[in-house]
Amino acid sequence: MGKTLIMTDSGSDLTKKQAKKFGIRVLPFKYSFDGENYYKDGVDKTPEEFYEIERTSINVPKTVQITPVQFEEIYKGIYDEGYDHLIFIVLSGAGSGTCQNAVMVAKSFMEDHSDMHIEVIDSQAYTIIYGYAAIAAAQAVKAGKSAEEASAIIKRVIAGAKVRFIVGDLTHLKKGGRINAATLVVANMLDLKPILTLKDGLVVQDGKLRGTKNLYKKFVDDAVNMGDFEKGMIVIVNTCLPEKVEEMKAAIREKFPNVEIGVSTVGATIGSHAGPDLVGIAYFDEKIDVYADDIEDEE
């Protein structure tokens, strides 16, 4: 059946413990605040350190694509490790050229290495929507499933997942081209909080909340349309905002007192574009075992 590797990028927001426990290779995107000093997401600085800088910096951080030359080296290294199947689940191709680079190099690499199969899956998503899909696929591979079966699991998990979120300031999304200028102007004029989601791999507005009073209660009232919270899997995504996470938890518990609620930190890859004040809910229509706190921290 061959030897299969599941690989993703740092936009998936997997923790180091999750990557280690489930045997997932994570490619770090680089980011910079000044165009001169670059850092690897999840490697050089923790999310907490990144947001501490972002909240005080006059510059909006920018991320850098993973280049074709880098992919050539990455694929060669994986091939030399003895893998003959690679599934790379990548940040939305609508938001980054990295997916296109990965596909282009994969085609040429397989032409020169007929005993290696590389599948690049455009997640059309961000953060744990595809991160948890990678975990589900890696678990399947460890259980003896084929690369084809693992690929199908990735697509199934993503198809059954949704995310809705709000941000404190739309400026980062506007500067990164993730929302249009009209949305920013109207939101500021009318004291509106746009509810954002994903459509065709892009961030789009899908509702709005007025004012900040009972904000998370109103957000949860709207979010229940994502799916069956009591049967599915709920995860609060956030940019290192523990107090807002607790407010969101309380709002969810008020409506669904018995549901299990996970928490995931959004890293620098996504945070560079969304800004330092994001909180939302990711919903999966199936439960995935993502627990990895039993793994020791790397020194």
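**Charges and salt bridges**

Mentor: Asp221 counts as partly exposed, at 33% relative accessibility, where partly exposed lies between buried (under 20% relative accessible area) and exposed (over 50%), with a 1.4 Å probe and protein chains only. This is a predicted model, where local features need pLDDT of at least 70 and side-chain atom pairs count only at pLDDT 80 or more, while totals for chains, interfaces and linings use all residues. Residues are numbered from 1 along each chain as its sequence is written, and side-chain values use heavy atoms, leaving out hydrogens and water.

Trainee: Which residue forms a salt bridge with Asp221?
Mentor: Lys255 does, with the closest N and O atoms 3.3 Å apart; a salt bridge here is a side-chain nitrogen of Lys or Arg within 4 Å of a carboxyl oxygen of Asp or Glu. Lys255 lies in helix α10 (residues 242-255) and Asp221 in helix α9 (residues 215-223), so the pair ties together parts that are 34 residues apart in sequence. Helices are DSSP runs of H or I, at least four residues, numbered from the N terminus.

Trainee: And how many salt bridges are there in the whole structure?
Mentor: A search finds 11 salt bridges. One of them joins Asp294 and Lys21, whose closest N and O atoms are 3.4 Å apart, and this pair links distant parts of the chain, 273 residues apart.

Trainee: Switching to α3, where do Lys76 and Asp80 sit?
Mentor: Both lie in helix α3, four residues apart, about one turn of the helix, and they form a salt bridge with the closest N and O atoms 2.7 Å apart.

Methods: Helix = DSSP H or I, 4+ residues; strand = E, 2+ residues; numbered from the N terminus.
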